[in-house]
Amino acid sequence: PGEMPALYRVPVTRLVQPIDSREPVQVMRLARQVVTTPADGTDAGARSAADLAADWLCGHLHPTTTAMDVTDGAAVLENLGLRGDWIPSAGVHEPMAALPADQSLAALALARYARSAADPDRAAAARAAARRILVALLRVAPVERDPLQDRNAIALGVMAALELKHITADADLTHARDTLIREFLRDGTPAAWMTADATPRTRTVEIAAACSLLASGDTRLDATTLRTALDAAWRDIPRRDLVSELGWLLWAERALASGKVSASPDARHHQELARSTRAALSRAQIAPEISNGAVAEDPFPDDLMGGFRLAGPNTRGATAQSARPMLGLALMLDGPSMTPEGERFRAREMQRMAVRFLRQLQVDDVTAASIPGSRRCLGALRSAPWEMRLSVAANSTALLALAESHDGMTSLERVLDSNSSATATSPAGSP
């Protein structure tokens, strides 16, 4: 009988040498493995990762008229705001300009990041980029979709504009902010901003924007109407969508609290929903001790550690979509009702691992040495460990999650430190 073909699997070690003067680095799927250690500090590297992601988004804008000759169409390009997703293998942006909702999300992420950035120059650059995106959003080019026809784009744009509300001596930004708010409120009646039959994403983002407007002092919104809408969202959104939309629900709750709106009568139920969602995410998070129900000899690859298996418990992959639930988890960290004493250490470890995964996706000099167009990739997060697409939406969500993670973990660390100090000085804790 003839020989049958056989398939053999051979272990392979991949090495990348970014420059001649450096030692080769071992990589997994073109990226070096990120290991989170206590040396990374309280936030497990969230701040440094956010800095790099913000740098990439700022550099992803279309050129301004000062950088190109107007006769070459620079004025039109400037009005496009952010470029679309970058595909390194093809060397193209797809589409040429980012979608309106992605542009608004990027503006919100950059403006929120600027509020807590440690480097004043980076903060100023992020604010300037957010301002450019919002102004360009309303200058619709023939190749663009009209952002005022997209409720997600309008709501996210309103939240971004409110993050920049301290910038008052800017006529273009003021016009953009006023236009977005007017379009969001529609005819100005208390409930006109709500979209009938909205998807869970549109519904939660609209509520978060409306609550942020109320917190900013806008008197055209009614606190009772907002509280009722938010309570209904907690009650009606399917559990499968709550994983992704938890961040916007908690964003809305934080805005109402800052606006001195009374807590919901169902607050305890909302807290239980959030904590049960975190428990479900804990089971979905890839960690060294789990093996997806498979034999111990078939563990998850190390570069997936910290990611969330959002496609189901039987999947063996995690993508940049892990940033969506990570935002909600970050907003839970500094709330004593959301993260009671017995859950704090586990919540902190979950967040540290999630940050580790996003850092694993981030393009550094080692990863860039293996891909074309590396200058356009540094600092950006890949869509997945096996996918080099650099998505504007994924990077914006990641930046927002990283900024909130840094603040949440820093706040939680203070609570843990104060509890440790109190235990050490109490009579029961005395030697």
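Predicted model: local features only at pLDDT ≥ 70, side-chain atom pairs only at ≥ 80, totals over all residues.
How do the residues of the lining of the largest cavity divide into nonpolar, polar and charged?

**Figure 1. Lining of the largest cavity.** The residues around this cavity divide into 5 nonpolar, 2 polar and 2 charged. They are R47, A50, D51, Y113, S116, A117, A118, A403 and H406. Two or more lining residues come from each of α1 (46-59), α3 (100-116) and α14; α1 gives the most, with 3 residues. The space in the largest cavity amounts to about 60 Å³, and a search of the whole structure finds 2 cavities of 30 Å³ or more.

**Figure 2. Lining of the second largest cavity.** The volume of the second largest cavity is about 50 Å³. Its lining is made up of N79, L80, A98, L99, P100, Q103, A136, L137, E144, R145 and P147. By class, the lining comprises 7 nonpolar, 2 polar and 2 charged residues.

**Figure 3. Lining of the largest pocket.** The largest pocket, with a volume of about 590 Å³, is lined by 28 residues. Nearest its centre lie L250, E253, R254, A257 and L331. The elements contributing two or more lining residues are α8 (223-236), α9 (239-258), α10 (267-284), α11 (323-332) and α14 (392-425). Of these, α14 provides the largest share, 6 residues. The lining of the largest pocket divides into 11 nonpolar, 9 polar and 8 charged residues.

Technical notes:
Residues numbered from 1 in each chain as written. Heavy atoms only, no water. 1 Å grid on protein atoms, 1.4 Å probe; cavity = no way out; pocket = protein on both sides within 12 Å on 5 of 7 lines; lining within 4 Å. Points joined across faces, edges and corners; volume = space filled by probe spheres on them. Helix = DSSP H or I, 4+ residues; strand = E, 2+ residues; numbered from the N terminus. Nonpolar A, V, L, I, M, F, W, Y, C, P; charged D, E, K, R; others polar.
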